[in-house]
Amino acid sequence: MKKMTINASARLSRVNRNIFGHFSEHLGRCIYEGIYVGENSTIPNTNGIRNDVSAALRELEVPVLRWPGGCFADEYHWMDGIGEKSTRKKMINTHWGGVTEDNSFGTHEFFELCRQIGCEPYIAGNLGSGTVQEMSQWVEYMTFGGVSPMADLRRKNGRDEPWKLKYFGIGNESWGCGGNMRPQYYADLYRQYQTYCRNYDGNELYKVACGPNADDYGWTEEIMRALKPWHTKAISLHYYTIPTGDWNKKGDAVNFSEGEYYGTVKNALRIDEIISRHLDIMSVYDPAHEIGLIVDEWGNWCDVEKGTNPGFLYQQNTMRDAVTAALNLDIFIKHSDRIVMANIAQAVNVLQSVILTEGDKMVKTPTYHVFDLYRRHMDGERVFTSIDNFEKEGIPALSHAATVKNDELSVTITNTLLKETQDIEMDITGFSDNLSITQAQILTTDDVRIHNTFDSAANVALKDFSDYSEDRGRIMIKLPPCSIVAITAVKK
Ligand code: AHR
């Protein structure tokens, strides 16, 4: 029996709901087909946006959605994506398969998508190949309510009122696909571009600077040296889990060995140390912690599915993805005093997606169900916990998170081992000796490679969990191998 101690009266940090955010890029079948099919499609849609997909994202309470990229953001010219659709300029999506982008999904369509989902928009501006004027005018177009060239243009295109836009990124991966810049050069450009991104009519932008790639601590050092809290509210980190650790042969999304499973978990867990070290550097330059960290791209990146366009990055999603999603979210929750947002890559049909589509069919992936389980932690207060953990196969056997919100205690626990059941006794203080469990759910499969398909969409699905008992403030649970359990309790 492993002991877990929870002190619900020791409140450590608030878990920003934006930690459960998503990312949608003009990449492969994410936007086109996956989200946007156009008003004339036979697939049921509202203003061109698939009803099934927007409903599934709304159910997940997606808090924030990042768009239009990714690498695409730094070659996106927003003016090509407004106005009468038939006259919109076509362009080549050079990063992702060299396909023609017809710009039928642009600024207006993105805000409509966010309206349908009920989430905050997070827009990534083009610093790599765009001008200061272009970025400045985009902000004016979206957020200025008075009379001006851009506000008038927006009105001409059918939108009277300005939109509310908070999150605005200035460049994406400027150290790589966004211009191959050195940090000092980027920091100077950032300072210049952000100057002209104005706050109109009480719309206050939350500006995000391009942060490091994975463990590039030198980038963080230089950026933090150059940027002050009045320039930026946050810097972003991108970290992808490559199952094999080899970018040239990342590993198959479904047909992987047990060894590869444990290797993937190990690579996913690296993000904990990476985050801690970036935060330490940030503290040196910003001791008051006014600048937050956003993990605005994360997830498993596997080889593309056989027979699919290599530039589309389409991959299946198994119980392995569910486990690593839970581990990542636990780590973000642990660092929630400094992590203000995280966006998994990417929402639909790309990398570690929560949704896959094929024609008019849609499936929710195992990763979707993890986000569903973790909704209970949104805006909760992280409380003190300790657990009798141990290592096997080179990884910790257990991972967990515990929060309190509105007098409800929520605990999520993951058993990462593929063969061993784990008995856990949760000792809860600072809450109540008289508990009532209001919800207990589990996500588990007999084989970690199991996934949902268009013909069998519920191979991996949430089930009610009953393998627990409760006795005077203690909860005893039996965690099956490779499982994620979520329990919510209230005071009786
Ligand atoms: O998510 C796919 C790509 O990964 C993004 O476009 C880019 O920002 C990152 O390298």
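First, the housekeeping. This is a predicted model, so to speak of a local feature we need pLDDT of at least 70, and side-chain atom pairs count only at pLDDT 80 or more, while totals for chains, interfaces and linings use all residues. Residues are numbered from 1 along each chain as its sequence is written, and side-chain values use heavy atoms, with hydrogens and water left out.

Let's start with the barrel. 8 strands close up in the order β2-β5-β8-β9-β10-β11-β12-β13, with parallel pairing. On average, neighbouring strands here are turned by 25 degrees against each other, direction ignored. When I say strand, I mean a DSSP run of E of at least two residues; helices are runs of H or I, at least four residues, and both are numbered from the N terminus. Two strands pair if DSSP finds at least two bridges between them. For example, β10 (206–209) and β11 (234–241) run parallel and are joined by 2 bridges, with Ala 209 standing opposite Ile 235 in β11.

Now the other sheet. This one is open, with 10 strands in the order β23-β22-β26-β20-β19-β16-β1-β21-β25-β24 and mixed pairing. At the edges sit β23 (463–464) and β24 (468–471), each pairing on one side only. Inside it, β19 (398–405) and β20 (408–415) run antiparallel, joined by 8 bridges, and Lys 405 has Glu 408 in β20 as its bridge partner. Helix α9 (366–374) lies across β20, β22 (435–444) and β26 (483–491), at about 170 degrees to β22. Contact there means heavy atoms within 4.5 Å; axes are lines fitted to C-alpha atoms, for helices over the stretch in contact, and angles run from 0 to 180 degrees between N-to-C directions.

So what surrounds the ligand? There are 13 residues, the closest being Glu 25, Cys 71, Glu 173, Tyr 240 and Glu 297. The cut-off is a heavy atom within 4 Å. By type, that shell divides into 7 nonpolar, 3 polar and 3 charged.

On polar contacts, meaning N or O pairs within 3.5 Å, ligand oxygen atoms are 2.8 Å from a side-chain N or O of Glu 297, 3.0 Å from a polar side-chain atom of Gln 346 and 3.1 Å from a side-chain N or O of Asn 172. Taken alone, the ligand exposes 280 Å², and the protein buries 94% of that; the areas are Shrake-Rupley with a 1.4 Å probe.

Last, the backbone. Most residues other than glycine have a negative phi, and most peptide bonds are trans. Gln 346 again: a cis peptide bond joins Ala 345 to Gln 346, omega about -15 degrees, in the loop between β13 (339–345) and β14 (355–358). Trp 67 to Pro 68 is also cis, omega near 5 degrees. And Glu 173 has a positive phi, near 40 degrees, in the loop between β9 (167–170) and α5 (183–195).

Key. Polar contact = N/O pair within 3.5 Å; in protein donor to acceptor, adjacent residues only side chain to side chain. Nonpolar A, V, L, I, M, F, W, Y, C, P; charged D, E, K, R; others polar.
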